[in-house]
Structures are given as C-alpha cells and as structure tokens.
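These are my notes on a single protein chain, taken in the order in which I looked things up. I began with backbone angles and then turned to side chains and rings.

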Amino acid sequence: MDAEKNFKTIIELFKKSFLESLHEDEARTLEKLLENPFFARIHEKMKKGELIEEGEYNQSRFSCQKAFRDFERRTQHQQDKRPILLRRLSPIAAVLIIGITISLFFLLSNKQEERIAQIPQTISPGSNKAQIQLENGDIVILAGNTLQVEEEGGINIKYENGTVSYTSQKTETNKLTTNELTVPAGGECFLVFDDGTKVWLNSVTKLKYPTKFTGEERKIYLEGEAYFDVTPDSKPFIVQTSRGEVKVLGTTFGIKAYTNEAMATTLVSGRVVYQGADTVQLVPGEQVVVAPTNGEIEKHVVDVEEYVGWKNGVYLFNKRSLGDIMKDFERWYNVKITFRNEKLRDLLFSGDVDRYDNINTFLELLENTEEVRYKIKDKQIELY
C-alpha cells in the first residue's frame, strides 16, 4: 500500500504547511512537490477549503480502501513500461485524483480542525468604554452600566448609554475639582461638559479637565484624539496639547495629538487659533499640522471628513499610506500590526470603511488589491 502511504504523507505535508509548522526538510520537500502544477492545484484547493464540501457528499459513495486496491491491480502489470518520472509520480497523482473524488478520506477525520484553520479569525471593532479618575484619586469604570457619582463641589457625574455628562448645582462654589478621563485601546466615549460643550473621544486618549468651568477661560488638556462641539461663550475654550494649544469661542473641530505622531487640528466650522512655535488662524476646511520631530508647522485645505469622519462612524482615506491607516486601526481594534515587508507601509489607499465593521472587512479589501495579504493570530495581524 505504498500509494496510500504516499497519499497520507502528502496530505499531512499540506496540512502542516497551512498551520505553518513545517520543518526545514519538509519545507524543501513541499517546495519541490509544488513545482508540479497538479500538486500545486490540489494544494491551493485544500487551502481554500474547496475539497472539504465535496468530501462530505462523496465519502458515503466511495470506499477509499477499495479504490486503492483496484488502482493497484489495474496498474501492477503496466508499471515497468512507463517512463521513470511518470512511473514514480503517476501512482501518487492517481491516488490524489481518487482522493479528490472521494473527498480526502484521510482529511475528513480532522475536517473541523482544518475548517477552523482555514477561516480567518474575526476581530471586532471597539466599543464604549473608559474610566474617570476623580479629584480624590478614586477610579470610576465606565463600561455598559448606568451609574451616577457626586463629585466634590456639588458636581453630578452621570454615565448612560456611552455618554458621560456633568451637571452642577446652581449654587456658586470656589472649589475647583479636576477629573481625568482615559479611553483605552478598543474604546470610545462621549462627554458633555456642564456648559453644554460636547466631546467625542477616540481610542487611547486622555482628557484632563475641571468638572465646572470657572474663571476667565475654559481650559482642558488633551493627549490622543477628540472632536469638539464647543458651546459659544465669552470665555475662550482652550485645548492644551504637548505641541501647543488651540483656542476658540464657539466652533466644531478635531484634534489628533498622539505621542510621537504629527499633531493635527482640523476645523469644521467657526474659527480656530493655534498657538505654538507660531500662531496660525484657521477657517473652515483648513488644517494645521505640527511635525513630531522638529515642530515644523504647515497649513492645508483638506476634506474634513477624512480627518473627523471617525466621529460619524466612517474611516475615509484619500491616498493615505497603509502605515498611517494601521496606526489608527491598532488603537481602534486593540491589535498589534506588523509588516513583513516595510515597503508595504508606503502603499497608498483611497476609499471608505465603516468604523463599526470587523477589521476583516478592510483586510479583505486589501487582499483584493493583490498588493497585500494578511494573517491573524489572536490579536496579532501580520501583513505581507
């Protein structure tokens, strides 16, 4: 039963290649085997799972053992007349043809395991989750449940359906309390200040702020990414970052200020003044960018949706590098993404993706370009 033994060996070799568990000698053997177009086609069909379904239908109609015996009887007296290469390969090839017909008898015993190996792992998008550190150091976890906390100075903090809102009693107080809201990787949060200003916070973001705005200005500190809809007031609203501050009276704008990345302020409506090494005024549709290394400042006219669309549930790309796209996705999907070939980072892509789709949707679009392929294992994604 050498043919049956060879068939089993080849199938096991193919299976190990899909699980990436080949030894060096086995990898060389497989490489040589796949030089034959027939075996290459069989390998590709197995990889795509196309033979599994055929096997469930045909397994009951054919006997694998009988097929091998019949094959050996028919070929025994003919073998010495065949060319050497054909004589060595054709029994295996014929068995593989039978194997296709009888649907990989040996593989079916482990077909569930193979199916799992062939189906890419699904990675879900982020969700509402964050935490607040109160003035006294206590940590309040915001995830799923409705809760209400009374802060010092008569401030009420309420969390419901992903929204954190601050309200204060009408009585004036000189007690200034500060909170820090942190959104982890794979999270987002919506915040409403006591003055009605709304803030959408993206993943891996910290916002430090007074629980009630007093004095001559409304000043907060941002590290990460947020979109602001500021309530008009005579007191200026100031967002302080590590690379300068943004000052407004009443307007809508986005700020992206992650460590070791360029800081960008994108104005949707109203007027903004950026103050850093230089002072730059923006009108709607403009963006100021501060380089992460030398602090160089540039101003551009942009499609604002490309930079603030995440707040509305859409990622929009216009000739955006794959490296930059994946930085955002690492934070939102809470994954680690590596590039087997660093040149892939420079590939440019245009299009849009639903922010609340699984990351697989985007990865499959990448594969359709035939420029990039991917592997997923746990929360690790490799692009090659």
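Predicted model: local features only at pLDDT ≥ 70, side-chain atom pairs only at ≥ 80, totals over all residues.

**Entry 1**

Asn161 sits in the loop that runs between strand E5 (155–160) and strand E6 (163–168). Its phi is positive, about 55 degrees, although Asn161 is not a glycine. I noted this angle because most residues other than glycine have a negative phi.

I then turned to Glu370, where phi is again positive, near 60 degrees, in a residue other than glycine. Glu370 belongs to the loop between helix H11 (359–368) and strand E23 (374–377). With a relative accessible area of 73%, Glu370 is exposed.

A further positive phi, near 55 degrees, belongs to Asn334, which follows helix H10.

**Entry 2. Helix H10**

I checked the length of H10, residues 322–333. Its twelve residues should span 16 Å at 1.5 Å a residue, and the end C-alpha atoms are 16 Å apart, which agrees. How many of the twelve residues of H10 are buried? I found nine, so the helix is mostly covered, buried here being under 20% relative accessible area. Among the buried residues I listed Asp328 and Arg331, together with Phe329, Trp332 and Tyr333. Leu322, Gly323, Ile325 and Met326 are the others on that list.

**Entry 3. Ser203**

Is Ser203 buried or exposed? Its relative accessibility is 1%, so Ser203 counts as buried. I located Ser203 in the loop between strand E9 (198–201) and strand E10 (205–210). A polar atom of the Ser203 side chain lies 2.6 Å from the backbone oxygen of Gly187. Setting aside neighbours within four places in sequence, I recorded contacts of Ser203 with Val183, Pro184, Ala185, Gly186 and Gly187, as well as with Tyr258, Arg331 and Trp332.

**Entry 4. Aromatic pairs**

I counted 16 aromatic pairs in the structure. One of them joins Phe190 and Trp200, with 4.7 Å centre to centre and 40 degrees between the planes, and this pair is tilted. Phe190 lies in strand E8 (residues 187–192) and Trp200 in E9, so the pair ties together parts that are ten residues apart in sequence. Phe190 has a relative accessible area of 18% and is therefore buried, the limit being 20%.

I next examined Phe193 and Phe213. Their ring centres are 5.1 Å apart and their planes stand at 70 degrees, so the pair is edge-to-face, for which the angle must be over 60 degrees. Phe193 is in the loop between E8 and E9, and Phe213 is in the loop between E10 and strand E11 (218–229), so that the pair links distant parts of the chain, 20 residues apart.

Which residues do ring pairs link into a cluster? I found Phe193 and Phe213 there, along with Tyr166, Tyr209, Phe228, Phe237 and Phe253.

**Entry 5. Thr214**

I placed Thr214 in the loop between E10 and E11. Its relative accessibility is 35%, so Thr214 counts as partly exposed. Apart from neighbours within four places in sequence, Thr214 is in contact with Leu176 and Lys235. Leu176 is 38 residues away from Thr214 along the chain, and the C-alpha atoms of the two are separated by 7.9 Å.

**Entry 6. Charges over Tyr384**

I searched for charged groups over rings and noted Tyr384. Arg340 lies over the face of Tyr384, 4.3 Å from the ring centre. The charged end of Lys375 also sits over the Tyr384 ring, at 5.3 Å from its centre.

**Entry 7. Totals for the protein**

The protein contains eleven helices and 24 strands. Of its 384 residues, 43% count as buried. The protein exposes about 20500 Å², of which carbon and sulfur atoms supply 48%. Among contacts between residues at least 6 apart in sequence, 51% join residues at least 24 apart.

Terms used
Residues numbered from 1 in each chain as written. Heavy atoms only, no water. Helix = DSSP H or I, 4+ residues; strand = E, 2+ residues; numbered from the N terminus. Buried < 20%, exposed > 50% of the residue type's maximum accessible area, 1.4 Å probe, protein only. Polar contact = N/O pair within 3.5 Å; in protein donor to acceptor, adjacent residues only side chain to side chain. Contact = heavy atoms within 4.5 Å. Phe/Tyr/Trp six-rings, centres within 6.5 Å; stacked < 30°, edge-to-face > 60°. Lys NZ or Arg CZ within 6 Å of the ring centre and 35° of its normal. Areas by Shrake-Rupley, 256 points an atom, 1.4 Å probe, with all protein chains shown as cover. Expected span 1.5 Å × (residues − 1).
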